[in-house]
Amino acid sequence: MLRPVYRQGSLTELIQTPHWDFLSLSAYHAWFDALPAEVRERIEGYWGKAEKSPWVIQRDDGVTGFVIPRLKLDRLVILPQPPRGEIAGDDEKKLFHDTSIPVNHFYLAAYLWIRTQHAAHAIVHFGTHSTQEWTPGKERGLWAFDDPNLLVGNVPVIYPYIMDNIAEAVHVKRRGLGVIVSHQTPPFSPAGLSGDFIRINDAIREYESLDEGLVRENARRLIIELAIKMNIHRDMSWKVADLERNFPDFLREIEDYLEELAIARQPLGLHILGQDMEHAHLVSTIMQMLGQPLYEQLGLKDAGEIFVGDYQQIQASTPYRFVDEQVLSDLPPDGLENAALVTLAARGRSFAANFHAADEIKSVVQALAARWVDPSYGGDPIRNPDALPTGRNMYGFDPSRIPTRAAYDAGKEALEQLILTYQTTHAGQFPDKLAFTLWSTETMRHLGMLEAQILYAMGVQPVWDEGGRVTGMEKIPLSELGRPRIDPVISITGLYRDQFPNMMEHLNEAVVMLAEAEDEPAEQNFVRANSLRLLAAMLARGMSETDARMFAYTRIFGNESGDYGSGLTDATLASDRWEEDDGKLERLYLSRMSWAYGPDTASWSRKFNDDKNTEVNAYAEHLQGTRAAVFSRSSNLRGLLDTDHPFEYLGGISMAVRHLDGEAPQLYISNMRDPDRARLQAADKFLATELRSVYQHPNWLAEMMKEGYSGTLQLLNTINNFWGWQVMDRNIVRDDQWQSFHEIYVNDHYQLGLREWFEQQHPAALAQIAERMLEAIRKDYWQADTQTVRELVTTYIELTQHYDIHTGNEIFKAYVQELAAGFGLSPGGEPAITTPSDTVPADSAPQAAQEMENISGQQMSEVSPAGEAARLIWAYAWLLVLIMVSGFLWQAWRTRYESRVPILRTGMAAALTAPLSESGR
């Protein structure tokens with residue numbers, strides 16, 4: 001039903017099926033033409049007249065109108081949500097320039113059909129999250145003709161929503177007119193160790209049990225050998241030479257690292273609405289909710305003592321058996337001798353009772369019947385068990401309490417740790433300027449711990465009233481602070497702007513107080529020093545005194561009011577539209593995120609101009625000189641790869657600072673998943689741990705395979721988000737991590753049957769994974785060896801030859817064609833991929849436009865069938881025939897031979913004698 005979005009000409013195919021309906025242009029215009037003129041002009045100014053929509057056809061009876069894809073089940077219809085662009089990758093303008101795109105005619109027509117022609121009593125939006133509530137308009141208290149209201153009108157919206165995403169759920173209520181029905185997260189398990197991690201852990205245990213001698217020395221060598229083979233030393237930022245020189249320190253660190261991997265909370269598959277998790281998953285989840293108190297009462301030091309071992313043995317552990325036998329059983333818990341264990345067992349039983357998911361379906365039905373749905377605060381079930389049970393209408397909390405006293409104390413410790421860590425790794429340099437990215441969802445979980453870090457960085461503390469509400473800010477004297485005041489740059493999401501304006505005011509209050517602290521020396525107050533520097537610079541550019549001061553005092557930047565997102569998520573995937581050094585992505589980010597939210601609330605969401613009316617990007621000016629950037633993660637489900645938002649916001653800061661200063665800042669993650677064990681981690685180490693414990697772990701993959709089609713999309717999203725980090729900051733992503741993804745996802749290193757699973761469930765997902773990996777190679781992000789390139793090309797070609805798969809990236813097509821010819825995989829010189837596309841998920845990469853602009857960088861052109869190129873191509877065709885005839889022995893010999901041949905930067909095998917050019921972009 002979404003094929004017309006990705007494939008020109010396929011609307012004709014859709015209308016040959018029963019899965020469509022029709023809204024006449026006359027019916028559409030009867031509604032559209034009655035809208036206020038300013039609304040119509042905004043939509044038509046961007047999209048043109050409705051008649052030009054690619055979704056408009058003329059029926060056999062001569063009536064013209066919109067095709068509405070839908071599956072009809074009696075009185076229920078199921079529709080894919082219309083795309084925000086009428087077809088994928090409409091043009092470059094939408095990707096790189098426009099900040100607020102109005103809804104298109106087809107999007108409007110689909111919702112109009114739902115409301116009028118189908119006459120729906122209610123709309124249910126499935127999947128966190130929809131796009132309706134993110135369309136342009138007021139932040140809250142919407143006008144009747146703001147885009148979200150234009151779509152749903154007065155039709156009730158029921159919205160199943162994951163329980164730990166409170167902020168976006170509140171957004172649904174404010175802008176999407178939705179009634180929330182919360183549902184569970186996936187279950188969790190300690191990750192445990194797998195494969196070579198078990199082997200190196202065993203080698204460490206053996207080494208520590210041996211006396212000095214040859215056997216112990218052999219164990220030491222094995223540990224080093226395995227660490228290098230597995231690139232563990234790179235996860236830990238150790239050089240190979242230092243492993244030998246300082247083995248005792250390395251041994252201590254690798255033991256800590258293995259424990260961190262083993263106890264990491266690994267999500268298991270996906271939750272199905274209204275369906276209870278399987279028994280083993282319930283046991284492992286409750287075991288982690290009971291956590292450290294349970295481990296201590298069972299005579300165990302901590303989780304590391306239990307789970308640093310084979311992940312397949314977790315069910316044999318003492319805590320797991322306790323939950324299985326004492327919590328999830330009919331035995332009376334008072335039969336236990338230990339009173340503390342009796343209490344823990346009773347608590348675990350209450351958790352188990354609250355995990356029944358039947359209320360999720362029941363509440364959807366109640367909402368459809370216009371009945372009451374119980375309210376509740378949401379959250380991560382392990383961090384906040386009170387968020388259970390689900391099936392409830394989630395709400396937020398009083399934002400005036402941010403940060404809480406406890407959050408401020410924890411934030412102080414985290415900031416002190418950041419300063420110490422930065423100085424340790426940067427030759428004692430003090431971080432005089434830090435950037436922070438604030439998310440509403442995170443703040444609702446950690447209650448202001450990251451905001452507290454910003455305040456304490458400046459040397460400011462909140463003033464609370466007796467009810468715990470923040471009423472103002474006060475300076476911490478420099479003598480008490482014991483260090484200079486750090487200047488912050490604060491990036492906010494659109495959701496944070498909407499939901500925490502009071503906190504933004506407090507942050508601005510603190511900045512102004514410090515910028516005007518005339519009694520403090522500039523070298524001890526970098527807020528004042530930078531404010532004075534920028535004030536002078538803007539006055540010199542002819543800016544008015546008022547604007548120059550506002551410019552200098554502003555530290556908070558984000559989207560224009562009513563707009564959401566940095567634009568980087570789609571743009572990074574459109575890798576045929578930009579080159580690393582052309583500045584397109586950087587300019588996009590700095591433009592979208594440069595709206596100022598300074599001390600004067602009346603002028604929030606503005607930009608600044610000099611006396612020549614030339615825009616001066618205040619965000620860019622403030623970002624220059626940023627030493628480090630900080631982001632928080634407080635959910636056990638959310639990391640750096642589960643969505644694209646971490647790379648677009650934190651990664652976007654890194655990319656922008658590198659663009660401005662020539663060097664990327666250090667990135668840190670304030671890990672708040674365990675509120676009793678909050679810690680600061682370098683982003684590259686955080687990501688490496690996440691890869692090892694989740695996305696490259698055999699158990700996570702096996703559980704995701706149970707999810708069928710949805711599971712394939714999770715793997716594809718992981719690769720696309722990993723690519724996003726690659727584009728944003730080369731310091732975060734490594735070649736060996738790309739290689740591991742290739743070995744595990746494409747070559748099925750764990751022998752889970754991934755290839756067969758992909759082909760059965762969604763072969764296009766594996767093709768797109770291979771495409772993204774080849775794009776990383778094409779753009780010189782990943783220096784892959786010849787054999788890897790050949791395997792990826794082979795996989796891609798095999799999939800496209802057997803399935804209806806297409807990419808709109810013309811440069812990639814030419815690149816694959818060239819590689820295929822070089823490997824003898826493209827008979828007759830024809831492009832390896834010529835078939836139009838598979839139906840691609842709506843959140844996949846935008847497709848290339850028909851017209852390609854000239855962009856500097858690698859030049860590619862299609863292989864000509866004439867002259868020397870033609871003779872080479874025919875030679876490869878005959879060679880392919882010989883290979884097929886000679887069978888497996890010849891193929892094996894050829895593979896071994898070619899694995900020794902280097903790949904040129906052009907992507908061609910070095911053995912070729914005639915040059916083949918690459919097609920232009």
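## Terms and overall make-up

Helices (H or I, at least four residues) and strands (E, at least two) are DSSP runs, numbered from the N terminus. This is a predicted model, in which local features need pLDDT of at least 70, side-chain atom pairs count only at pLDDT 80 or more, and totals for chains, interfaces and linings use all residues. Residues are numbered from 1 along each chain as its sequence is written, and side-chain values use heavy atoms, with hydrogens and water left out.

The chain has 40 helices and 23 strands. Of its 921 residues, 59% are buried, where buried means under 20% relative accessible area, exposed over 50%, and partly exposed in between (1.4 Å probe, protein chains only). Contact means heavy atoms within 4.5 Å. Among contacts between residues at least 6 apart in sequence, 75% join residues at least 24 apart.

## Cis peptide bonds and positive phi

Most residues other than glycine have a negative phi, and most peptide bonds are trans. Pro403 lies in the loop between strand E12 and helix H19 (405-425), and the peptide bond from Ile402 to Pro403 is cis, with omega near -5°. Another cis bond joins Leu388 and Pro389, with omega about 0°; Pro389 belongs to the loop between strand E11 (375-377) and strand E12 (393-395).

Ser237, in the loop between helix H11 (232-235) and helix H12 (240-245), has a positive phi near 60°. Ser237 is partly exposed, at 49% relative accessibility. Ala370 also has a phi near 60° and sits in the loop between helix H18 (358-368) and E11. Ala370 counts as exposed, at 73% relative accessibility.

## Helix H35

In helix H35 (residues 754-761), the residues Leu754, Trp757 and Phe758 are buried. Seen down the axis of H35, its buried residues fall within an arc of 100°, so they line one face of the helix. The arc is that of the directions from the helix axis to the C-beta atoms.

The buried residues of H35 are covered by elements including helix H32 (698-705), helix H33 (709-728), helix H34 (735-746) and helix H36 (763-778). On the face turned away from the buried side are the exposed residues Glu756 and Gln760.

## Two residues in helices

Thr572 is in helix H27 (residues 568-573) and is buried, with a relative accessible area of 0%. Leaving aside residues up to four places away in sequence, Thr572 touches Trp578, Leu585, Phe647, Trp723, Val727, Met728 and Arg772.

His279, in helix H14, is partly exposed, with a relative accessible area of 43%. Not counting residues up to four places away in sequence, His279 touches Asp324 and Leu328. His279 and Asp324 are 45 residues apart in sequence and 8.7 Å apart in space, C-alpha to C-alpha.

## The second largest pocket

A pocket is found on a 1 Å grid over the protein atoms alone, as an open set of points where a 1.4 Å probe fits, with protein on both sides within 12 Å along at least five of seven lines; lining residues have an atom within 4 Å of a point. The second largest pocket is lined by 40 residues, and Arg265, Asn636, Arg673, Asp674 and Arg677 lie nearest its centre. Elements giving two or more residues to this lining include helix H13 (247-263), strand E10 (265-267) and helix H14 (279-297). H14 gives the most, with seven residues.
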